[in-house]
Amino acid sequence: MDIHEYQAKEILRDNGIPVPPGRVTKDPNDAVNIAKDYGDTVVVKAQVHSGGRGKAGGVKLAGTSDEVFAAADQILGLTISGHTVKEVLITPAEDIDSEAYLGILIDRESQSPVVMVCSEGGVDIEEVAEKSPESIKKLIVDPRQGLLHHQAYGLAGALYNDPSLVKQATVIIKQLYQAFVTSGASMIEINPLISTPTGEVKAIDAKMSVDNSELFKYPSIEAYRDVASEPWAETMAREAGLSYVKLDGNVGCCVNGAGLAMATMDLVKYYGGEPANFLDIGGSSNPQKVVTALQIITSDPNVEVILFNIFGGITRCDDVAKGIIEALGQLEIEAPIIIRLTGTNEEEGLKILSAEGMSAFTSMDEVVEKAVSETSN
Amino acid sequence: MSIFVDSKTRLLVQGITGRDGSFHTTEMIRYGTNVVGGVTPGKGGMSFKGPDDQKIPIYNTVEEAVADTGANTSVIYVPPAFAAGAMEEAVDSGVALVVAITEGVPVQAMTKIHAFAQDRGVRILGPNCPGVISPGKAKVGIIPEQIVMPGPIGVISRSGTLTYEAVINLTKEGIGQTTCVGIGGDPLIGTSFIDCLTQFKGDEETEAIVMIGEIGGTDEQDAAEWISDNLDIPVVGFIAGQTAPPGRQMGHAGAIISGSSGTAEEKMRCFEKNGVRVAARPIDIVELVREALD
């Protein structure tokens, strides 16, 4: 789960990292009031789960009350990479001497946390990694030892020459590692980490993702979830224990298992169609899950046909068949439903369907080809 | 022959009294797997009733169970909140193989567990995997027995049901398997494609290998290069997620394209470059395997 900049900054502050003050608001008038507390110039920043906010016009400097109002008014409601801005963060503008990058993530290859620093900050770090990978210093941390003092000191030395800055950065790097492990993060990033003309090191932007599997341990972070910005269908899917990702096509897909669900989408494309979604109903699916899945799929107005690809393992075909019949009773579904049902309790499942005048395919290719043929394009 | 599990497997089930654990214990015993004991803290001294009224002893700790039964493999069905602890206990107990079925184990916990397992020389399969089956010999996990038959193909996959799809197509055509391994859909897994390929390389009966990968990470790319340098038998590959959008997790925690890396296209290209035969659809795997065997 991604959290917003202002939320990530709260976590950084809790771990002792110097972060300028800031408050969020949904209202331009309120933004003006907040700015009054922060001196001459403030930054108004869109709070959305997306990078590239600056380029999209989601970050603005403002000197006067009118400018603050105008900036907040323009940014609120802006759409950045498909996300609508509903809140802005108001924070004092800082004088900047240098900008650096500091991040920690879980590295799949070494199966360990990796700390990365780069003396070029405030820029897209993936771009830097591609163009000049040598400018990024990486340290693989032994997760059982944690980040050691001399390691943090070595990383800080790659960012600064001035002993006072190195000392401050050493502490910040250790604090960031602490924040990483005590909040179940999968990624945490300060970009940029700045030094000021008065010789202070501060975090002025932050980004953080928390491992979904850790959220149960951290209710305060779970409470950061921005349900208002989440599409209705995704909230519904998450609460029902389904995995759903909306796509742009018209073939609604309902599948058990993530790999099979992806392969089904790919096969839709192979036969000339476009998948409307990824949806995995998971392992032990009860009929109610199938009803919810159909509710979600049919909430997408692009869907012209609904394709079920069920290979029963833990999932039982009769449960899925029952769910389909129940859904047809509860929901108004206009799109044709094309079903493939095979595996555990296949016969029972087919019986349930045929009692309602429905039938099913047994092969994946047949069902996908048939579903694609039902679409208008 | 086969890899990882066979008739010498002496299996312990962690979470044997749970809903999934008890169901699959019965299935595994029915298949002929030698289940020697179960572990559920607080239920030590009781026993689990097998399909033919066998009494499988239950222990409070893995240590006691191993000491009493000589178990060499453990399978974990415990819920996510307790799975990391169960894996640590298994690694600490002296078994050689730990198969972790549970989905949703925190990744930070896995960084420590993988390091611990490496120190102890214990192999972890998974987490978030369907387990492993050596047709006709033993099954550890949840792979349905109906879809497999003994034969010359080694199967390795990051997925569950997609593996079933591929394997049943082989079985229907009379092409059996030495072992089918589900390595898991998490970003940090204990046994990689290369680990499985290395084992299959040493297995005389495996004549060809099927690898089923998906978007996210570089495990498939690393395996492709390893294959080109080390393997003499043919490999057929399939990658799921050609239509997956970048930056979105597709069900499995590990199935995510980060930036521009880990795409299906990149993996398929890497397969082709290194002599792995790439199937466009799951059904095409059968034909490619047949060609490879000829």
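Reply: Domain bounds here come from an automatic or database domain assignment. On that basis, chain B splits into domain 1 (10-125) and domain 2 (143-293), and their centres, taken over C-alpha atoms, lie 26 Å apart. A word on the ground rules: this is a predicted model, where local features need pLDDT of at least 70, side-chain atom pairs count only at pLDDT 80 or more, and totals for chains, interfaces and linings use all residues. Residues are numbered from 1 along each chain as its sequence is written, chains are lettered from A in the order in which they are written, and side-chain values use heavy atoms, with hydrogens and water left out.

Now the meeting place. Counting contact as heavy atoms within 4.5 Å, 11 residues of domain 1 of chain B touch 14 residues of domain 2 of chain B. Together the two domains of chain B bury about 970 Å², with 54% of it on carbon and sulfur atoms; buried area is the accessible area (1.4 Å probe) that two parts lose on being put together, summed over both. On the domain 1 side, Tyr31(B), Arg123(B) and Leu125(B) lose the most area to domain 2 of chain B, together 47% of what that side buries.

Arg123(B) turns up again: its side chain meets that of Asp195(B) in a salt bridge (3.8 Å, N to O). That term means a side-chain nitrogen of Lys or Arg within 4 Å of a carboxyl oxygen of Asp or Glu, and the count between domain 1 and domain 2 of chain B is 1.
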